[in-house]
Amino acid sequence: MSVAPVAKHPVPEGYEKAHVTPESYRALYQESLSDPDGFWGREGRRLDWIKPYTRVKNTDFMMGQVSIKWYEDGILNVCVNCVDRHLPKRANQTAIIWEPDDPDTPARHITYAELSEKVNRMANVLLSQGVMRGDRVVIYLPMIPEAAYAMLACARIGAIHSIVFAGFSPDALANRINDCGAKLLITADSAPRGGRRTALKSNADAALLHCSDRVRCLVVKHTGDQTTWVQGRDVDVLALMEHASPDCPPRPMGAEDPLFILYTSGSTGKPKGVVHSSGGYLVYASMTHQNTFDYQDGDVFWCTADVGWVTGHSYIVYGPLANGATTIMFEGVPNYPDPGRFWAVCEKHKVTQFYTAPTAIRSLISQGTEWVEKYDLSSLRVLGSVGEPINPEAWNWYDKHIGKGKCPIVDTFWQTENGGHMITSLPYAIETKPGSATLPCFGVRPEVLDPTTGAVIDGNGVEGVLCFADSWPGQMRTLWGDHQRFEEAYFQQYPGYYFTGDGCRRDEDGYYWITGRVDDVINVSGHRMGTAEIESALVAHPKVAEAAVVGYPHDLKGQGIYAYVTVMNGVEPSDELRKELETWVRTEIGPIARPDLIQWAPGMPKTRSGKIMRRILRKIAENDYGSLGDISTLADPGVVDELIENRMNRG
Ligand code: PRX
């Protein structure tokens, strides 16, 4: 179904012109495809280079030889590009506005001068702890300015950071520390969120029991909560920063040197360490931040994501700071102390661009518009959506009640692997349709492929799987320590293409509509989860014999987690066991992975070769069991009736 494009929004008064116009979008997009070296050669100059690049693009998508290099002989420092180079003009401009969880605690306005001082001090602390170029530093912090200082300090000395979302469990943290061989962990005493506190340091203590005893632990004393202290391993980072020099020479880095690793879920159990580069990544984050949000001098940009996710990397820290922007970092949640918090913060800091996830919008819709109407939202100019398809109901509410019909909505489709936006509308340049991510960003070459034959489906009004036919500078370079898995995961299924794992439709106007994952990855409240990861957590429980996890439609979360569990012989399924398993998954992975529904399954629908037929489990979980298709290949078709009979989702 194709919805007529919504009337274009005019550039508001006070803004001379948008970065991209309908005409320039078309011309630049064409140029970016026909002359990538020319286009990206010019875009690359948005950064300051210590030694300018002479070669722009050098990429190959062929299986067995996948190699992605951009600006490969250029030398730069990412921290200098995000901090130092702004000092002549912007020393007294606010770089980061920190809005604490507790609305009664004053916000902090950190200028570029102050940011520079803190980052330099932290960089010197890292050096004093023996962190060297190329070493990995894991960051497990709340949404506090120190998280940004730590990222930039790593970039300054050429260390590779890997942020682990503070909602992850000790086990998940330990796995990531071990996988990347981190030398150092940076954490805080505790993380306040929504009025509650997570004991981060004790999680870190538990994680470090499973790591090399050479891993040191820098602790930010943020809340002052009591923590245990391991002499010789734990270090009070703020105390050291006070005594450190505010001057740390930046390390010249190759454009292709890794900037960070970020773990994300795949279709197999083990999270994948996505590796991003220094030069290409920053060019892409900076360009997309500027164009997608039409960021202009003096704007106040707010991305509500957590720095533990890629959205926080690219659109709280790297993109905005590379552009000399003012960026908000919010420690709290949308509904604390009440469901008006987002709008209170927008009014308080006169936010111009607001970027959030559909799941947050949906949860606020159910609270009523009185929470919105209390606040003056007239500063808002552009609204953004990210992380999952936005349903038209949420889109229309966002448009009407938050944007007051005046703010273009940019629905940004992209992935951890992409570094920045891939398909999105552009304010004032690309007309929107509620629910469509619209058109590709510069340099992005989307193709719709037949999922079975892999043939490219040309023309409009078509549906298939979404691939990209060529590289863009923000593309991930490899999986940490496993280039072969990188090739297999993204380039094997459709040779010559990067495969997103998403299905999509290209409508009659050539607009893209993402229809969701076609692999065993689900999207819960905008968080990406591998079903295999949850399954391995479940089967690790002594009472569980077998588990299969699928997604099902959930009004608030987009998708919910539906687990089929077969218990061990002699174990009696019960509500207590259900609770026990929920808690188990929370501790194994983290609260975001807790199953919403657990169905006891005396048997799983399996083929004669023993493979679980997930297609059937998905249908039952979706309460759409009327069209199960061919089940004659099942070893025991009888189990299906039993599963339907006892299905948990009858909505
Ligand atoms: O399925 C797509 C969905 O989120 C997946 C990527 O998840 P992650 O790597 O965690 O990154 C999320 C934030 C960049 C995609 O494969 N997705 C992301 N944005 C959209 C989306 N689906 C539809 N519309 C979007 N705007």
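**Figure 1. Surroundings of D411 in the predicted model.** D411 counts as buried because 27 C-beta neighbours lie inside 10 Å; a residue is buried if 20 or more other C-beta atoms lie within 10 Å of its own, exposed if 12 or fewer, and partly exposed in between, with C-beta atoms placed from the backbone. The model is predicted: local features need pLDDT of at least 70, side-chain atom pairs count only at pLDDT 80 or more, and totals for chains, interfaces and linings use all residues. Residues are numbered from 1 along each chain as its sequence is written. D411 belongs to strand β20; helices (H or I, at least four residues) and strands (E, at least two) are DSSP runs, numbered from the N terminus. Apart from neighbours within four places in sequence, the contacts of D411 are S385, I390, T424, S425, S436 and A437, where contact requires C-beta atoms, placed from the backbone, within 7 Å.

Figure 2. W414 lies in the loop between β20 and β21 (446-449). With 24 other C-beta atoms within 10 Å, W414 is buried. G420, H421 and M422 are in contact with W414 when its neighbours within four places in sequence are left aside. An unreviewed UniProt entry places the feature "binding site" at G387, E388, P389, D411, T412, F413, W414, Q415, T416, D502, R517 and R528. UniProt positions are given in the numbering used here, feature names are shortened, and annotations may be inferred rather than shown by experiment.

**Figure 3. The shell around the ligand.** Of the 22 residues around the ligand, F413, Q415, T416, I514 and R528 come nearest; a residue is near a molecule or strand if its C-beta atom, placed from the backbone, lies within 6 Å of it. At least two residues of this shell come from each of α11 (310-322), β20 (409-412), β24 (498-506) and β25 (512-517). The shell comprises seven nonpolar, ten polar and five charged residues. In this classification, Ala, Val, Leu, Ile, Met, Phe, Trp, Tyr, Cys and Pro count as nonpolar, Asp, Glu, Lys and Arg as charged, and the others, Gly among them, as polar.

Figure 4. Domain 1 covers 22-506 and domain 2 covers 525-646, with bounds from an automatic or database domain assignment. Their centres, taken over C-alpha atoms, are separated by 32 Å. Contacts join 19 residues of domain 1 to 17 residues of domain 2. On the side of domain 1 that touches domain 2, α7 (170-180) and α13 (358-365) each supply at least two residues, and α13 gives the most, with four residues. That side of domain 1 has five nonpolar, eleven polar and three charged residues.

**Figure 5. V138 in strand β6.** V138 is placed in strand β6 (residues 136-140) and is buried, with 30 other C-beta atoms within 10 Å. Not counting residues up to four places away in sequence, V138 touches S162, V164, R176, I177, A182 and L185. A separation of 34 Å lies between the C-alpha atoms of V138 and G496, which are 358 residues apart along the chain.

Figure 6. UniProt, in an unreviewed entry, assigns "domain: Acetyl-coenzyme A synthetase N-terminal" to residues 25-82. This span is 40% helix and 17% strand, and its end C-alpha atoms lie 26 Å apart. The chain as a whole comes to 20 helices and 30 strands, and 53% of its 651 residues count as buried.

Note on methods. Contact = placed C-beta atoms within 7 Å.
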